[in-house]
Amino acid sequence: MAGVWLVWLALVVVQMGFGAYGVIVSKFAKENKADPLIFSLIRDAGCFPVLLVAAFVSEKKIQLPSLRELPLFIILGLTGMFGNQLLYLLGIYYTNANIASIFQPAIPVWTALLAIVVRIEPFPDFRTVRGWAKCLGILLAAVGAVVMTIEKQSGQAGSSSNIQFMGYIFLLGNTLSMAVYILLQKKFIFDKQDSCWKTKPVTVTAWSYLFGTMFMALASLYYVNKPEKFTYFPKEEIYPILYAIFIASGLCYLLISWCNMQISASLVTATWPLQVLFCAILSYFVLGEVLNTFEYLGGVCIVIGLMAVVWSNFAEEKRRKEEEEDLMNNSYGYVKVSQYDDFVPEGQAEGKGVN
C-alpha cells in the first residue's frame, strides 16, 4: 500500500483538477456556446487511448475484460463517465462554475448513504455519537442543497428560474452518478479477493472510458439531423477540450481509481469539498463571480454535513480495528507439538519437546 500522505496528495490534486475544469468550461466552452453533449463525446473519445497507453506503460500489459465482466464495465462507464460528466456539464451550462462545485460535497454524502442502503457499510448505531453524526450529516447536507435551490429560485423569475432549477437537478444527478461509480468500483473490483483487476487501476479506468464513450456516441445521435453540431469546433474550445482529456479525465480519474485501490470509498470522496475552495478562488479571479449570503450558507451546511459523515466513518474504522486487536489479544493459538499428541494451547507448547 502506498504512503498515506501520497494518497491524500493525489486526492488534493484531483480536486484542484476538477475545480479548475469548471472554471475553464465556463470561461471558454460555455461562452462560445459549445454543445455539452458533443464536448463530452470528444472528451471521452480522446481520453480512452490516452489511458490505454498509460495502462500499457505503467502496468506492462493491457488486459481485456471477459464477457462475464462486461456488464460491470458497462455500468461503470454509464455512471462514472456518461452520467457524471454529461450531467456536470449541463449543470454548469444552466448555472455557473461556483454552483456546480458547491454541489460536489454531496458526493461523499451520497456515498455514505448508498453504502448503508446496499449494506456495504453497517446501519448507523443510534446509541453512539458516530451513528447520529452520520445521519445528521446526511440530513444537513441535503438541507444545504435545498437552501441554495430556494434562494436561487426566489431571486429569479420566469423561464430563467426554471432553467436554474434544471441546473440543480442535473448537478444532483451528477453527484449521485459519481458516488455510484466509486462504490461499484470499490466493491466489485478493489475489494473483491479473486478479482484480476484489483491491482490494475489504470486499465479499469480505461475500459470504463470506452463504454462511457459508447454511451456518449449513442446520445449524440440526437443530432443526427444536425451535422453542423459535429463539424462546428471553434478554436476557443481547443483549450478546454485538451484540459478535459489530459487533466480532468486522464489524470483525475486515474488518480481516483488508484486512491480507491488504496483506501476506503468514503475516504476517497472525503476531499470533494476542496473543489469548492479551488473553484471559488479561480472563479473570483477569472470569471468575477461572487456567491450571495444564502448560497454561502448552503455551502457551509453541505461542508459541515460532510465533515460529520467523514468523522463518523473514521470513528467506525477505529472502533473496528480496536475490536480486532482485542479479539487477537484475548484468543489462544493452538499448536500440535508432535504427530502423536493432541492440540494444546500455544503457551503450554513451550514446555514440551517436539518429536
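By the ring rule, the count comes to 11 aromatic pairs. The rule covers rings of Phe, Tyr and Trp (its six-membered ring) and pairs them if their centres lie within 6.5 Å; planes under 30 degrees apart are stacked, over 60 edge-to-face, and the rest tilted. Take Phe73 and Trp197. Their ring centres are 5.0 Å apart and their planes stand at 65°, so the pair is edge-to-face. Phe73 lies in helix H3 (residues 70-94) and Trp197 in the loop between H7 and helix H8 (201-219), so the pair ties together parts that are 124 residues apart in sequence. Both Phe73 and Trp197 are buried. Buried means under 20% relative accessible area, exposed means over 50%, and partly exposed is in between (1.4 Å probe, protein chains only).

Phe18, Tyr181, Tyr209, Tyr253 and Trp272 form one aromatic cluster.

This is a predicted model: local features need pLDDT of at least 70, side-chain atom pairs count only at pLDDT 80 or more, and totals for chains, interfaces and linings use all residues. Residues are numbered from 1 along each chain as its sequence is written, and side-chain values use heavy atoms, with hydrogens and water left out.

### The chain as a whole

The protein chain has 13 helices and 2 strands. Helices (H or I, at least four residues) and strands (E, at least two) are DSSP runs, numbered from the N terminus. The chain has 355 residues, and 50% of them count as buried. A contact means heavy atoms within 4.5 Å. Among contacts between residues at least 6 apart in sequence, 84% join residues at least 24 apart.

The accessible surface of the chain comes to about 18,000 Å². Carbon and sulfur atoms hold 67% of that surface. Such areas come from the Shrake-Rupley method with a 1.4 Å probe; for residues, only the protein chains shown count as cover.

### A nonpolar patch

Which residues form a nonpolar patch on the surface? They are Tyr94, Ile163, Phe165, Met166, Ile169 and Leu172, with about 470 Å² of accessible area together. Patches are made of residues with over 30% relative accessible area and no salt bridge; like charges are joined within 9 Å, and nonpolar side chains (Val, Leu, Ile, Met, Phe, Trp, Tyr) within 5 Å. Helix H7 (residues 158-190) supplies the largest share of the patch, 5 residues. Met166 is in helix H7. Its relative accessibility is 37%, so Met166 counts as partly exposed.

### Charges

How many salt bridges does a search of the whole structure find? It finds 1. A salt bridge is a side-chain nitrogen of Lys or Arg within 4 Å of a carboxyl oxygen of Asp or Glu. Here Asp191 bridges to Lys186, and the closest N and O atoms are 3.7 Å apart. Is Asp191 buried or partly exposed? Asp191 counts as partly exposed because its relative accessibility is 45%. Lys186 is buried, with a relative accessible area of 10%.

Another lysine meets a ring. Lys187 lies over the face of Phe188, at 5.7 Å from the ring centre. For a charge to sit over a ring, NZ of Lys or CZ of Arg must be within 6 Å of the ring centre and within 35 degrees of the ring normal.

Lys60 has a positive phi of about 70°, although it is not a glycine. Lys60 is in the loop between helix H2 (36-59) and H3. At 65% relative accessibility, Lys60 counts as exposed.

| Residue | Helix | Relative accessible area |
|---|---|---|
| Thr79 | H3 | 12% |
| Ala106 | H5 (residues 106-117) | 15% |
| Asn260 | H10 (residues 238-262) | 0% |

Thr79 is in contact with Asn84, Ser177, Val180 and Tyr181. Tyr181 also belongs to the aromatic cluster. The C-alpha atoms of Thr79 and Gly212 are separated by 8.1 Å, though these residues are 133 residues apart along the chain.

Ala106 is in contact with Thr175 and Ile302. From Ala106 to Asn174 there are 68 residues in sequence and 9.8 Å in space, C-alpha to C-alpha.

Asn260 touches Ile182, Gln185, Lys186, Phe190, Ala265 and Val268. One of these, Lys186, is the salt-bridge partner of Asp191.

Note on methods
Lists of a residue's contacts leave out its neighbours within four places in sequence.
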